[in-house]
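Please look over the structure below, one chain at a time. The report that follows takes a helix and then a strand with its neighbours.

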Amino acid sequence: MSRYTATTPADLKAMLDAIGVGSVEEIFEQQIPEPVRLGRPLDLPAGLPEQDVYEHLRALAQRNVSAEDELCFLGAGMYDHYVPALVDMLMERSEFLTPYTPYQPEISQGGLQVMFEYQTAICELTALPVSNASVYEGPSAVASAGYMARLHNGRGRFVVSAGLHPHSIATLRTYAHGFGVEVVEVPLREGVTDLDAWLAAIDENTAAVFFAQPSFYGAVEDAAALSAAAKSATDKPPVVIAQVDPLTLGILAPPGDCGVDVAVGEGQSLGNRLDFGGPSFGFFAAREEFLRRMPGRIAGETTDVDGRRGFVLTLQTREQHIRRAKATSNICTSQALNALAGVVYLSWLGREGIVELGELLLARTHYALQTLDGLEGVQALHSRTQPVIREFALRLDADVAAVRERCAQHGINPGADLYALTGREQDRGGLLVAITERRTRADIDRLADVLGAAVASERQSQAVGA
Amino acid sequence: MSTPAADHGGVSEPAADHRGVSTSTTGPPSGAELSETPLQREAAVTIFERGAAGRRAFQCPALDVPEVDPHTLLAAHLRRATPPALPEVSEPEIVRHYVRLSKRNFDLDSGFYPLGSCTMKHNPRLHERVAALPGHARLHPLQDPARAQGALELMWNLERALAEISGLPHVSLQPSAGSHGELAGVLLTRAYHEQRGETRHKVLTPDTSHGTNPATVTMAGFEVVALATNPDGGIDLQDLRAKVDSDVACLMLTNPNTLGLFDPNIVEIAEIVHGVGATLYYDGANLNAVMGLSRPGDMGFDIVHFNLHKSFTQPHGGGGPGSGPIAVSERIAPYLPVPVIVRDADGRFDLEHDRLHSIGRLRGFQGNYGCFVRAYAYICSLGAEGLKDASQTAVLNANYLLARLMNETHPPVAEYLPLAYGQLCLHEFVLSGGPMKRELGLKTLDLAKRLLDHGFHPPTVYFPLLVEEALMVEPTETETRETLDAFADAIAAILREAAEDPEIARNAPYTTPVRRLDEVAAAKHPVIRQAL
């Protein structure tokens, strides 16, 4: 017996008698051939009481510097937005936390209705008519959209803007290598997709094109122009897929209004914590014609035998447990609890709040860029006429890692090392700075002071060293 | 949900007054005789149908930077014309809406959940507490490894533990769920063969396999070849020998399989598969049967995925999050996804991104770290002995429940719901509802729906596909003998009731927030969002 099992010696005897064996070991001996029985204890530490486990995990947590401990301007795909208390409270409710996937709808109406509401919220945000109930997270959502496009038109090429998150491009490449589609990358100009190169890259064998809104560099794309170009490039237009940042969709033109066919993305910024990268959720919305090829669970409305409104998992003939080898995706477990956090967060933000928050992010991002660009040895990586939202790229005239280290000594994480993420020559010296509503003007001013000083010190020490 | 489940997760006999239907009636209860439960009277209203224009829960932080005309920052053609029609509700309205919704769910904390293949074991609340510590929960995934040493050490320790449990030395925690781990595994197999200059096209999966196996094979660009099951419930070796050749890249296997049976020929199977140069993949969905007792690596498997949300008790959240780490043998290790956690001679941890032969990334960042924290806490709590105890107790509970059912004489459950294969089982067993359907006119679905009125989550139904009217039962180590007894009693009571009047179960459930739902209509004319 451990503290999570309940078999007393009396239970054991009664149970073994009922089974008709002398011991539990006897069952294993009958079932598992001798050569593959372990026959020794696992080489793992002994179990610990609850309070000891807590202390161990707390000690590990203390060896991490979190956004609680420093002023954090890291973003690049996950952001330190505020998660309201009611999200935590609802996620911790047993009734949401501990059920399995709602295979028995009569006793799962809570979860199914949450999925239905979530789908509605995602459709509203993206201005696309259909959404599933979540996929794993952002980059794999991009790759799944690629697989759907491949099933849709059977073509052999993906055209990908370099403005996509590098993890999305990498994940798409991994998946596409499996199902045999070539990936072609289109370069950027001033942080957004080079429209001429984009147009030139698309041919009749292009299954799908991908861009990000905003781009990985925080720059706002002309999504409508990219979609229109893709659709007019050949007589056999590709599926247009956009990775979008959901929290900017209060003020940015939504993908559905820009000619996008499939909008996917990372849902973390909607009420999910950072968690060192997961779990969060991916969202997946599309035009109607893709409904029966979409991956993942979909909740649908119906009625019960007495005419009551109710919800079920629907269109399951797409899914692996029904269609097996012919399924439109292999996904089974996805991110229901994180999607719950997403729809609760969006309800909390509300119709007006998502616009207000978007404007605040836009204004603060603009302020931060204006404040930092022009510090000695610091300049905007892209043209200042290029609009940015929530994030922007700087070029430091000093070693980025060393500057970041100096800032860390002052309790500031100034942002992500761009070159480390993209490996692109033009990103050398690049720093990607993210602004959330938790970073006030005072925080931004402090960043300017510390970053400016760090760059100056680093340049000085480099000069001395040289 | 509203069903009056006793503390142990069920009730031994249905109490008619709580169900609005008399179990002693001979005819089917008509709708008029049914009294609605409070939750049934409550109409389903979505959050979008609540609230009023102008209501809100969010108070935006003040604009503390100089005001700039927003249109100079973002041109009109890039802007959204009308805001998304998100709900307009106050904070109290949100709380009340979702708390009430939650009561329309059945959950593991409320009762027995013997869903086969899903390992619905207790989720200790300690795990939620430690995962919520800011040092874990607010740690940014791009934090410098030097300032995330606690997280990397935790991941390293979890990798080492999973390596020991599986008997395979190299682990990647990255995949997001079991199916994602499968995709990783098949892509690793592809990379392994490609590196040796071979192009193989086929992957074998038994007809008892989880649907994710063949779906993954297709997604990874291979052709699925199904293997037959022999009369004992294992792989048909003759069929395997007939289908295995140098064009086979991999055999994907669950062991114990979805019948709850350990394949006695596993060593021979591994020899046959390796004999043609193919890899052997272990679907770890059923690992809860053998932790500390038998290891996939020792059975000859090259690649295994774990479901942290099954064997290692990550709460399932109504359909995720999950986490599907993989462990592999030496020959597969060079192809593991990036980044890989490394430890230097001084004990410092880092993330290695450049690996020549890696298949690349399967997702963003490092995986579902929040799940790693919980799984690691579980392993720390149980240790070697506790993990073995978990598996032994899970197997004991499954066999006890099986015996209780098979020994039942009033009615003879074994005649209506015979065990599909074997005599004993490991962590789960599969009954066939075929005789029940023929003799009592009750389908497995009806039995499942009637169990809802008894306060139980039903077992997995209609899987595996090769068993007629399948009922797949996995009690897990969590349950007490009293709960198992109550469940066996409920099955017997339903069968007795059906012998009297099968209409009762055919129209069940009666006590749930809604009754049977029209799934055909839902699929025919999909309504998948609130009309606004």
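## A helix in chain A and what follows it

Helix α8 (residues 166-179) of chain A is followed by Gly180(A), whose phi is positive, near 80°; helices here are DSSP runs of H or I with at least four residues, strands are runs of E with at least two, and both are numbered from the N terminus. This is a predicted model, in which local features need pLDDT of at least 70 and side-chain atom pairs count only at pLDDT 80 or more, while totals for chains, interfaces and linings use all residues. Residues are numbered from 1 along each chain as its sequence is written, and chains are lettered from A and ligands numbered from 1 in the order in which they are written.

The 14 residues of α8(A) should span 20 Å at 1.5 Å a residue (the expected span is 1.5 Å times one less than the number of residues), and the end C-alpha atoms are 20 Å apart, which agrees. Twelve of the 14 residues are buried, so α8(A) is largely enclosed by the rest of the structure; a residue is buried if 20 or more other C-beta atoms lie within 10 Å of its own, exposed if 12 or fewer, and partly exposed in between, with C-beta atoms placed from the backbone. Among the buried residues are His167(A), Arg173(A) and Gly178(A).

## A strand in chain B and its partners

Strand β4 (residues 248-253) of chain B is also largely enclosed by the rest of the structure, because six of its six residues are buried. Strands pair if DSSP finds at least two bridges between them: β4(B) pairs in the parallel sense with strand β2 (residues 202-206) of chain B over three bridges, and Val203(B) stands opposite Cys250(B).

Four bridges join β4(B) to strand β5 (residues 279-284) of chain B, and these two strands run parallel, with Leu253(B) opposite Tyr282(B).
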